[in-house]
Amino acid sequence: MDATVAATIAHGTRNQAVDDARNDLNRLQLRAVEAGREESRRLVKVSNINQETGQATYRPAGRVLRDWYLHCYLNGLRERLGHPSVVIDAQQIEDTAALLHRLTPETEPVQALRAVGVLRNVANADSAKATVTIMASLRSAAERRAIQHAPDGRFDSDQLRVHITRHWYQRCYIDHVEAATRSQQPLTPVTAAEEHQVAVALASRVARQLVAADGTVMVTSHGTLTNDLDRAVARGQVGVVPSTVGRAFDAPGSDDMRTSILNGWSRASHAERGRWALEAGIADLILQPWDQLTGDHQNALVGAWLRGHGRPVQEIPFHGEPLSRPPAEAARLMFNHQKQLRGFEAPLVAAGLSDKLGSGPLAARAESADYARDTPNAIKPPNI
Amino acid sequence: MPDTPAGDQEPPDTPSRWDADEVLRARAAHAKDQRDNSVVDLRDVMSDAEVLDVFGVDLSRLED
């Protein structure tokens with residue numbers, strides 16, 4: 001496969017995955033909104049029916065609270081799914097409580113305030129639970145769409161390329177939805193450098209590990225090897241960046257580094273200078289005083305010093321280890337996915353309802369068992 | 001009842017091994033705890049029947 005063709009396939013797969021993820025997320029969000037509307041009607045009654053007389057009266061307070069719930073739920077859902085949203089702040093709570101108290105003058109102000117607070121928190125909890133359900137459904141959808149995107153017969157049935165493309169699609173799809181839901185692990189967003197490595201793998205038919213076992217991506221956005229320092233910073237550790245690196249950008253720091261190198265060279269024994277020169281790749285260097293070395297030799301020695309004295313080895317170009325496994329397994333390991341993407345094994349209907357938080361009306365309606373039937377342009381299996 | 005938006009009180013998302021689904025579940029569990037606590041606060045000042053009669057809110061639905 002030509003390198004240009006491979007790059008086009010990698011880029012096109014990424015774009016398709018992102019588009020599909022965005023559309024699926026929007027569709028499920030709409031369904032969650034409908035579920036929220038129904039829940040608001042079940043949770044808050046806007047009319048009061050006297051059981052003795054059968055007379056129905058309108059309850060304005062119920063109308064306010066129902067709309068308040070829906071307002072909080074919709075904005076909570078938008079915020080959790082990566083859309084612009086209105087922040088439900090204390091002012092809104094107070095204003096709504098004041099309005100509610102005017103409509104129910106027989107109540108104490110604190111009763112109205114706490115009722116408003118309850119509805120706000122109920123809406124927040126419902127939107128959070130809906131997000132969990134949506135995410136589970138999207139993970140299932142990613143697998144099915146990945147297989148659909150690269151069926152077994154693609155690339156003249158070259159299974160390594162088929163599986164690499166599937167897992168790359170899945171990677172890009174999940175990357176988008178995790179970013180939208182702010183649940184993404186640091187140092188894991190898809191980058192152009194990673195896309196380039198996928199293209200290289202497709203062209204060369206050599207799968208190389210791109211995502212490590214801890215979930216971090218092994219190639220940085222600059223195409224270099226991710227190192228332990230990168231991972232530590234991504235985990236939020238402090239104090240891991242060597243202080244000499246920071247000083248290197250300041251004038252005093254440069255003097256310190258220069259002084260260290262000059263003193264280090266002058267004080268080094270003949271054998272130590274020899275090792276230093278060997279690390280710098282100039283083994284045939286005549287071990288003269290520093291000021292008698294050529295500029296190229298000095299630069300090489302400085303580079304070797306930086307590599308060994310605190311400057312992170314971020315300049316190492318990425319060369320992943322080849323994965324000598326069967327195609328499906330190699331592709332899975334390449335992206336550290338949990339399972340292989342073999343054929344169309346998943347059920348046609350969406351799976352993944354989270355049971356850990358209970359079924360609940362919103363969880364059931366946000367992703368009904370008939371997702372494939374109810375959703376326009378639903379995910380359909382390929383014709384076999 | 002806290003007067004700050006619920007979103008400001010989310011738990012830290014720093015699991016030992018990153019699991020995006022677990023991050024979302026933790027947020028949902030935290031939101032549920034806030035919900036339950038606010039229901040307790042409301043029940044301190046009103047009975048469920050009063051809440052339903054005055055405000056139209058059916059708190060029994062939250063037990064589902």
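A: Buried area is the accessible area that two parts lose on being put together, summed over both; the case to read here is a predicted model.

Q: How much area is buried between chain A and chain B, and what share of that area do carbon and sulfur atoms give?

A: About 3,700 Å² is buried between the two chains, with carbon and sulfur atoms giving 63% of that area. On the side of chain A, the residues that lose the most area to chain B are A:Arg114, A:Val118 and A:Asn121, which together make up 16% of what that side buries.

Q: How many residues does each chain bring to the contact, and which element gives the largest share of the side of chain A?

A: Chain A brings 53 residues and chain B brings 37. On the side of chain A, α4(A) gives the largest share, 20 residues, and that side as a whole divides into 24 nonpolar, 14 polar and 15 charged residues.

Q: How many salt bridges does the rule find across this interface?

A: The rule finds two between chain A and chain B; B:Arg61 forms a salt bridge with A:Glu39, where the closest N and O atoms lie 3.1 Å apart.

Q: Which residues touch the most other members of the largest nonpolar core?

A: In soluble globular proteins, nonpolar side chains tend to be buried together. Here the largest nonpolar core holds 86 residues, and those touching the most other members are A:Leu65, A:Leu119, A:Ile164, A:Tyr173, A:Val198, A:Met334 and B:Phe55. Helix α4 of chain A, residues 109–149, gives the most to this core, with 18 residues, while a second, separate core of 14 residues includes A:Trp290 and A:Leu293.

Terms used
Residues are numbered from 1 along each chain as its sequence is written. Chains are lettered from A and ligands numbered from 1 in the order in which they are written. This is a predicted model: local features need pLDDT of at least 70, side-chain atom pairs count only at pLDDT 80 or more; totals for chains, interfaces and linings use all residues. Side-chain values use heavy atoms; hydrogens and water are left out. A nonpolar core is a set of buried Ala, Val, Leu, Ile, Met, Phe, Trp, Tyr and Cys residues joined through side-chain atoms within 4.5 Å. Buried means under 20% relative accessible area, exposed over 50%, partly exposed in between (1.4 Å probe, protein chains only). Helices (H or I, at least four residues) and strands (E, at least two) are DSSP runs, numbered from the N terminus. Contact means heavy atoms within 4.5 Å. Buried area is the accessible area (1.4 Å probe) that two parts lose on being put together, summed over both. A salt bridge is a side-chain nitrogen of Lys or Arg within 4 Å of a carboxyl oxygen of Asp or Glu. Ala, Val, Leu, Ile, Met, Phe, Trp, Tyr, Cys and Pro count as nonpolar, Asp, Glu, Lys and Arg as charged, and the others, Gly among them, as polar.
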